[in-house]
Amino acid sequence: TYAAAPNFGWALMHRASASLSQPPNLEPLRTGVSGGEMVDVELLQTVRRDWSAWGLADTVLRPAYGMAESVVATTVPAAESPLRTALARHPGCCKPRVVASTGRPLDRMSVRIAGGEHIGRIQIRGVALLESPDDGTWYTTGDLGFIRGGELYVCGRAADLIIVAGSNVPPEAVEHVINDHP
């Protein structure tokens, strides 16, 4: 069984699961993908912990990376792989945060990082791009990230920053605070 939702979808399901009168059997769920927006590592860890009593295996929930331009998926962690995380700081922001590996590129897709010493703009190319250039050029996504051990870690959007009192704040940090106070 396979399920996919953006981060906010997993958050809504987690909140709703607290009021279930009968616990579901999650043993048949083999893959649960979180993608389509910045992945909240803390939320994935909480869902894994809370739903383990219902049979959710520790390796089921996995972040992935993709977008409409790449027919949804570009990178996905291998089946049964553990959640890998790293500490990263969005360029221009002051506070580092934990980001998750979104895995390796799918077959016939490539990912690279352009610019930036450690964190740069994510570029992709391959057969899944809707407008795949035949000359082998790269599509710049507008997302920032880095590659470690052949796996992509996404750190946020290049242009999405809120400036407060001279400090750059990524919108995901604001969303995280809002989601913690429903």
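Reader: Arg 108: buried or exposed?
Author: Arg 108 counts as exposed, at 65% relative accessibility. The cut-offs are under 20% relative accessible area for buried and over 50% for exposed, with partly exposed in between (1.4 Å probe, protein chains only).

Reader: What am I looking at, and how are things counted?
Author: This is a predicted model: local features need pLDDT of at least 70, side-chain atom pairs count only at pLDDT 80 or more, and totals for chains, interfaces and linings use all residues. Residues are numbered from 1 along each chain as its sequence is written, and side-chain values use heavy atoms, with hydrogens and water left out.

Reader: Back to Arg 108. What's its phi?
Author: Positive, about 65 degrees, although Arg 108 is not a glycine. Most residues other than glycine have a negative phi.

Reader: Where is Arg 108 found?
Author: In the loop between strand 7 (104-105) and strand 8. Helices (H or I, at least four residues) and strands (E, at least two) are DSSP runs, numbered from the N terminus.

Reader: And Glu 80. Which loop?
Author: Glu 80 is in the loop between strand 4 (75-76) and strand 5. Glu 80 has a positive phi of about 65 degrees and is not a glycine. Its relative accessible area is 56%, so Glu 80 is exposed.

Reader: New topic. What's the strand order in the four-strand sheet?
Author: The order is 8-9-10-11, in an open sheet with antiparallel pairing. Two strands pair if DSSP finds at least two bridges between them.

Reader: Which strands stand at the edges?
Author: Strand 8 (109-114) and strand 11 (151-157). Each has a single partner strand, so one side of each is left without a neighbour in the sheet. The twist averages 50 degrees from one strand to the next. Axes are lines fitted to C-alpha atoms, for helices over the stretch in contact, and angles run from 0 to 180 degrees between N-to-C directions.

Reader: How many bridges between strand 8 and strand 9?
Author: Six, in the antiparallel sense.

Reader: Why call strand 9 largely enclosed?
Author: Because five of the seven residues of strand 9 are buried.

Reader: How many residues in the largest nonpolar core?
Author: It has 19 residues, and those with the most contacts inside it are Ile 122, Ile 124 and Phe 146. A nonpolar core is a set of buried Ala, Val, Leu, Ile, Met, Phe, Trp, Tyr and Cys residues joined through side-chain atoms within 4.5 Å.

Reader: Which strand gives the most to this core?
Author: Strand 11, with four residues. A second, separate core has 14 residues, among them Ala 5, Leu 29, Leu 44 and Leu 56.

Reader: What is Phe 146 in contact with?
Author: Leaving aside neighbours within four places in sequence, the contacts of Phe 146 include Ala 86, Val 99, Ile 113, Leu 152 and Cys 155. Contact means heavy atoms within 4.5 Å.

Reader: Which residues of helix 1 are buried?
Author: In helix 1 (residues 7-17) they are Asn 7, Gly 9, Trp 10, Ala 11, His 14 and Ser 17. Their cover includes strand 1 (2-5), strand 2 (31-34), helix 2 (41-51) and strand 3 (61-63).

Reader: At what angle do helix 1 and helix 2 pack?
Author: About 35 degrees, with the axes 10 Å apart. Residues making the contact include Trp 10 and His 14 of helix 1, and Leu 43 and Val 47 of helix 2.
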